[in-house]
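Here is a friendly briefing to read alongside the model. Please keep the viewer open as you go through the points.

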Amino acid sequence: MGRLNSMVIRTLFVVGLGIFSGLKSFAQQEQAATEIMMLSGTGNEHTVNWEFFCTAGRNSGKWTTIAVPSNWELQGFGKYDYGFAPDSLRGKEQGLYKRRFTVTKGWKGKKINLVFEGVMTDAEVKVNGKVAGALHQGSFYSFKYDISGLVSYEKDNLLEVKVSKHSANKSVNEAERKADFWLFGGIFRPVFLEALPAVHLERVSLDAKADGTLSGKIISRGVTDQLSVEVYDMQGKRIGESFSMELKNQAKAKGTSVYAFQTKYANIKLWSPEYPSLYNTTIRLYRKGKIVHSVQKKIGFRTIEVKARDGMYVNGAKIKFKGVNRHSFWPTSGRTTSKKISVADVSLMKDMNMNAVRMSHYPPDDHFLEVCDSLGLFVMDELAGWHGTYDTPTGTKLVKEMIAHDENHPSIVFWANGNEGGHNLELDEFFGREDVQKRPVIHPWQVFSGFDTQHYREYNYGIGNYDQGRNIVMPTEFLHGMYDGGHGAGLEDYWKAMWLNPLSAGGFLWDFADQGVVRTDKNGVIDTDGNHGADGIVGPFHEKEGSYYAIKEIWSPVYIEHREITPAFDGTLTMENRFSYTDLKDCRFNWKLRRFADADSISGTAKSPVVAPLTKGRLQLALPGNWSTYDVLALKVTDPHGREIFTWTFPIVKPDVLAATIVQRNGDGKVGMTETNTVFRITVKGLQLDINKKTGILEEVKQGKEVLPIKNGPVLQEGLSNFSTFSYHKEGDSAIVSSVFDKKNTYNTLRWVIYPSGWVKMEMRYFPGAYFTNFVGVNFSFPEQQLKSVTYLGNGPYRVWKNRMKGNQFGVWNKAYNDVATGESPFAYPEFKGYHSNVYWTQFNTTGQSFKVLTDQEDMFLRLFTPKKSDDPYQNLQALFPSGDVSFMQGIAGIGTKTQKPETTGPMGMKNIYYDYEKEPVRAKVLTLYFDFSGKPLKGVTAE
């Protein structure tokens, strides 16, 4: 092995991965700063090779090298296991690591700590053959050893680490490894040496309040006589005066002393997810006027207050948490991540208009917390304990490690003691003892400390609890994702109830990303362990599912009341400001009018209205006088930082008006009809239609010599295709094939009109088959292999469910055929198959001649085939589709979650409800379609 580069990084940070991104301008000024020497890389994109020996599984029994940090399974060693694997089948291999390094003689006389940010799971550490300290047990916690007396200077030193991924401590396995997530082994977070002056700051715990008060608890080692505190903004300008205090009652030379300080600053900017203002705080120790040690911490001024039977307040604002659960995970590196990944994760959450994230189910990398601090997210930091608990001695040690490591991050507003029964109640007191900020402690899935965090409550149970309960209701997991279910499906109903109820503090969706790991033992396949890991809003590599955009719209802090765009529209939209701290005058509102036929557009910027948080106001769009000649109005809203909140689209043109300009009824063709024993054969301009004389079903379509792939429809579903007594007649130049209405037996009717232009109209009047129906509409057969793509005007590009209608935009979309199943490889979205909403027209691009289908009715759903049915052992998703291949629907089905059936996710998840009105024909539902089989494309139409 080559020696580690002896370069030492001088920094002001004592703990945390902030050491790798510290402000050099400050560090360079501080001669008494902590010094850092990396022994590993900083993350999955920057690693250092160590010597390695794996005891069992793949590539075991020989010395080789491995990247550090990493999980060894992803490096080709050992055995992959998901947390549900039986204990008898789990890999329990160990990894032996060696690293040679040199320590500069300039560190003589300093305290040298060997720091591990995370080792999975038990770590036995030796330096130069001597044990560095007690065996560390617990994967997700930073720990360190004082190795000052074990190292040699300017000579080779040997670091040896024996890592056992299966802990010798039963309680650690119960808390961390009997769990619904992937299990790994290895030194998966960075390793480094830190050198502190003999007299130094051991720990700095800060509490910055919204009134400008900064207080702190300082633990120092050695004899000093003065402490100073200075606060700087992020441009390096000092805020207020330097604070200093004399230190008395000193410990002896190597002992520790504990001090408290408090000072106050004026005109500070508060930290919140909407305005994540940060400051650098420099704390210095002095002895006889000389700086002996300095440490820098980033802080944010904010005050957390829990008001019993009311809610959670931050800086005086009552918070509705729009959160998600997040694993530390990347497909190619397991739990070894990077700051780049953290930035990407937080950015995606912010783009979904989330304001909070829960660490599930363990503390994250420090760089993730740094990004939450700087970009702005509330954080719930969690002690591991999926369903089992650490024993009290082990848990006590790990609570202290977690809080000492994470305590100064302003983004953290909650501590969570375990998950879903994994709560060791004896540990609760240590959170309060260790945390100077006294953040609230919760037990996810339990009623505790005034919070009801019950997971996966059904909509009606939840509503009853909100209406009649006493606690603050904040489910720390809800609408459990699985494949395309959960998340955005049901959220509109849940959020409406959460928003309106004063006892609701919002909640946290499960979960952020599919836990799909690259299997180096299976030729690189991405494995989610079946349905266990396919729970994400985004895919393993951040592929955006339909729920991503639904959540973005539903959780928009700018809520636009429903408005139909009619000729009377005067450009006024009513809005509600659902920000906590931002006035809408600080947002940007851009509008755009567009025509689809010629791609003509005009745009402008509206004056941002003054609308304070949690109030309503009006936005006035200064549209041109001819605005009604355009097809769609788009409104894009951007927050004060330039991040898009959402872009809403409002159809201006109605389908009946558009159909009137496209459908050609008149023409020079002559409609002819011949009759066989079974069909009416109708011809016009090279088109031949065979319509069954008994059922009215379209049996075959030919244009010239080519048979088009649509046939065997319309078949009504759910309802009776009880069309009967069909006859043929002419009305002017058009041919009519129609059935007869009979209130008792043939109350559903079907009428075909074939125009001399070659266009064909289908009109069905019907009554759905039951009061409750999964869907209503008509089906046709269509060989899947003959469809290459569709181009359509409607909401897109993602498919919808009855309980997930939000997130799309109205426009012209081109979708190439795919057979993607959500949550499964190749994770390519948007999916082709499924329901598409508010479709005006569709062009089917086949392997032969294309054809078009239009409607003159609003709210028509286009169904394209039936998606693959994924593994659903709980039978809760119930992703139902009609028979046939292609459908035109006026009612569709919802989708469930991993833990709930569709109807329990709220009213939108329930079945469609229809009355039969005693089969009065004037009250029948009407479904109208127009077909153009000529193969001529629509002119001037371009897709989004």
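The points below cover a helix, a proline, salt bridges and surface patches.

This is a predicted model, in which local features need pLDDT of at least 70, side-chain atom pairs count only at pLDDT 80 or more, and totals for chains, interfaces and linings use all residues. Residues are numbered from 1 along each chain as its sequence is written, and side-chain values use heavy atoms, with hydrogens and water left out.

**Helix α4**

- Helix α4 spans residues 366-376 and is mostly covered, with nine of its eleven residues buried. Buried means under 20% relative accessible area, exposed means over 50%, and partly exposed lies in between (1.4 Å probe, protein chains only). Helices (H or I, at least four residues) and strands (E, at least two) are DSSP runs, numbered from the N terminus.
- The buried residues of α4 are Asp366, His367, Phe368, Leu369, Glu370, Val371, Cys372, Asp373 and Gly376.
- What do these buried residues pack against? Their partners are the strands β27 (321-326), β28 (356-359), β29 (378-383) and β30 (412-417), together with the helices α3 (339-351) and α5 (392-406). Contact here means heavy atoms within 4.5 Å.

**Pro331**

- Pro331 sits in the loop between β27 and α3, and it counts as buried because its relative accessibility is 0%.
- Leaving aside residues up to four places away in sequence, Pro331 touches Leu74, Gly516, Val517, Val518, Pro540 and Phe541.
- Pro331 and Gly672 are 341 residues apart in sequence, and their C-alpha atoms are 62 Å apart in space.

**Salt bridges**

- How many salt bridges does a search of the whole structure find? The search finds 52, where a salt bridge is a side-chain nitrogen of Lys or Arg within 4 Å of a carboxyl oxygen of Asp or Glu.
- Lys178 and Glu174 meet through their side chains in a salt bridge of 2.7 Å, N to O. Lys178 counts as partly exposed because its relative accessibility is 37%, and Glu174 counts as partly exposed because its value is 22%.
- Glu561 forms a salt bridge with Lys616, and the closest N and O atoms are 3.1 Å apart. This pair links distant parts of the chain, 55 residues apart: Glu561 is in the loop between β38 and β39, while Lys616 is in strand β42 (residues 616-620). Glu561 is partly exposed at 28% relative accessible area, whereas Lys616 is exposed at 55%.
- Arg595 pairs with Asp600 in a salt bridge whose closest N and O atoms are 2.5 Å apart. Arg595 is buried, with a relative accessible area of 18%, whereas Asp600 is partly exposed, with 29%.
- Glu230, Arg238, Glu241 and Arg284 are linked in a network of salt bridges.

**Surface patches**

- Patches are made of residues with over 30% relative accessible area and no salt bridge; like charges are joined within 9 Å, and nonpolar side chains (Val, Leu, Ile, Met, Phe, Trp, Tyr) within 5 Å.
- Glu564, Asp656, Glu858 and Asp859 gather in a surface patch of negative charge. Glu564 lies in the loop between β38 (558-560) and β39 (572-577), and it counts as partly exposed because its relative accessibility is 41%.
- Tyr771, Phe772, Ile913, Tyr915 and Tyr917 form a nonpolar surface patch with about 510 Å² of accessible area together. Accessible areas come from the Shrake-Rupley method with a 1.4 Å probe, and for residues only the protein chains shown count as cover.
- Tyr917 is in the loop between β64 (912-913) and β65 (925-932); at 33% relative accessibility, Tyr917 counts as partly exposed.

Note on methods
Lys, Arg positive; Asp, Glu negative; His and termini not counted. Charge placed at Lys NZ, Arg CZ, Asp CG, Glu CD.
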